Amino acid sequence: MNWFTQTFHKMGSPPFFYRGAKVWVTWLYVIGLGSLLIGTVWGLGFTPADRLQGDSFRIIYLHVPAAHLSQLIYIAIAVAGFVFLVWRMKMADVFIVSAVWLGAWLTAFALFSGIVWGIPTWGTGWVWDARTTSVLVQLFLFLGLIALRTAIPNSQRGALAVAVLAIVGVINIPIIKYSVDWFTTLHQPASIQIGNPISIDPSMLWPLLVNTIGLYALAAGVILYYMRINVLRRERNSDWVRDIVNSE
Amino acid sequence: MNAFAIAFNRTIRVGWRHPLDSLTPMAFFIIVVSLISITVEGVSDSENGIAIAVLWVVLLLSTMMASSGAFAQDYEDGSLEQLVAQNESLYVSVHGSVTARWFISSVPLLVLVPLGAWMLKLDIEVWWILFLTLIPGSIVFTLFGVLGATLTLGVGRNGVLLALLVLPLYIPVLLLGVGACQRSATEEPFQFALIGIYAIAMAAITFLPFAIAALLRVSQEY
C-alpha cells in the first residue's frame, strides 16, 4: 500500500510521468496492435458463423470492445474530474484533455458499427430505444466536454468547468448500462456478465477477449502518448523541459 | 433573513424589473407551438402522442432559453463576487436563487401549457398527468439550465454552446416525462416513469446546487 501511494504521488509530477510513461507507450502499442491483429484475424477468419446471424455477427469483435471502452473512458474522465476538483492535480486535467477525443471517436465508432450490424439483423439501422439513445447522449456529452474546454480561454477555469460537467454527466452511465435490462429494447442483454454463466460459445469468446485486451491496451497507449505531448506543451517554460530539449 | 430568503427575494425582484426575460420565452413558446400546429398535419388527431411530445420539447427549449441568463448580470456588475465572498452558505443561496428562477421562468411557461394543449387539441383527460410530470420536469430543466449558464459565465455568445452542454442532460427526463404521459393517454401503466421523474427531480434539487456553487466560486477565483 505504501508503494502504491508513493507511485500515485510520483505520477502527479510531470517530469516523472514524462520519463516513466515512455516505456509504457511502446509496450502498450506493441501489445495492443499485436492482440488486435491476432483477435481480428482469428475472429473474422477462424470462428464458425453464428447459427442465426450468419457472418454478420463478426462485427461483435469490434463493436463490443469499442462500446465498452468508450463507456469506461467516460467514467475514467469523471473520476479524473473528481480528483482534479478535490486535489487540483495537474495530471488529472492532462488525462481529461488527452482522453476526451478518443472517447468521442470510440463512441461514434460503436454507434456506426451498431448501425452496420443492425441493418442485417434487426432489419433497421437505427431504433430510438433506450440503449441506442443513451449511447448517442454519451457522444453528445463528449462533444460538450470538448466544446466547453475550447470555449473557455482561461485554462484553469476551463479545466474545472469540464471536471464539473463530466461528473454531472455520469448520471447517463447507469442508464446506458442497465437500459437493456430495465426497458424492453431491440438490443440484446450482455452475453458476458459477472456472476452469470457466459452465454456465448468458447470458440467465439476467445477472439473477443483477445480483441478487448488489444483495444484496451492500444487505447491506454494512445492516451499516454497524447498525455506526454500535452505535458510537454504545458510545462514548456519549466527547467526540466528545457533540459530535455537541450539534451536531444 | 437567512441566505435562502435573501437570494430568493433578490432574484425575484431583479426578474420583476426585467419582465422581458420572462416574456420572451413565453412568446417563443406560443410561436413554436403555433408553427407546429400550422405545419404538422395530424397533430390534433393522433391520439395525443405527438401533441404531448411537442409540448414537452417546446417547454424544454423555452426553459433553456429562460435560464440561460442566470447569474450573467450578476457576473458583469460584480454582485456575484459579493455573493461568493460572503461565503456564509453559498449552497443555500444558490438554492434560493434557483427556486426564484423557477418562479420567474418556468411558472409563466407552465401557465401557458393549457393554452398550448388547447392549440394542439389535446384531450382534457391528459392534462392532469401532463402537469404532474411537467412540474418536476421543469424544475430539472431549470436546474440544468442554470448549471449550463454558470458553466459558460463570461464566455461570449454562449447560446449555442449552452444548448450543446445542456440538451444531452435533458434527455433522460424528457424520455421519462413523455413516456409517462403517453402511457397514461393510452391507459397503460405509467407509474415507473412517474416515480423515475420525481426521483431525478429530487436528486437534481439536492446535488446540482453543489455543482452550481462550486462553479460560481471558480468563476470568481480564476
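The model is predicted, with local features requiring pLDDT of at least 70 and side-chain atom pairs counted only at pLDDT 80 or more, whereas totals for chains, interfaces and linings use all residues. Residues are numbered from 1 along each chain as its sequence is written, and chains are lettered from A and ligands numbered from 1 in the order in which they are written.

Chain A contains nine helices and zero strands (DSSP runs, H or I of at least four residues for helices and E of at least two for strands, numbered from the N terminus). Among contacts in chain A (C-beta atoms, placed from the backbone, within 7 Å) between residues at least 6 apart in sequence, 77% join residues at least 24 apart.

Beyond four places in sequence, A:Ile96 touches A:Ile77, A:Ala80, A:Gly81, A:Val162 and A:Ala166. A:Phe95 lies in helix α4 (residues 90-121) of chain A and counts as buried because it has 23 C-beta neighbours inside 10 Å. With neighbours within four places in sequence left aside, A:Phe95 is in contact with A:Ala80 and A:Met227. The C-alpha atoms of A:Phe95 and A:Arg228 are separated by 9.7 Å, although these residues are 133 apart along the chain.

In chain B, helices α3 (residues 49-67) and α6 (residues 90-119) pack at an angle of about 155°, their axes 10 Å apart (lines fitted to C-alpha atoms, for helices over the stretch in contact, with angles from 0 to 180 degrees between N-to-C directions). The two helices are therefore roughly antiparallel (over 145 degrees; under 35 counts as roughly parallel, 65 to 115 as roughly perpendicular and the rest as oblique). Residues making this contact include B:Leu55 and B:Leu59 of α3(B) and B:Leu109 and B:Val113 of α6(B).

Between the chains, 15 residues of chain B are in contact with 20 residues of chain A. On the chain B side, α7 (127-151), α8 (159-185) and α9 (191-221) each give two or more residues, and α8(B) gives the most, with seven.

Definitions and conventions:
Contact = placed C-beta atoms within 7 Å. Buried ≥ 20, exposed ≤ 12 C-beta atoms within 10 Å, placed from the backbone.
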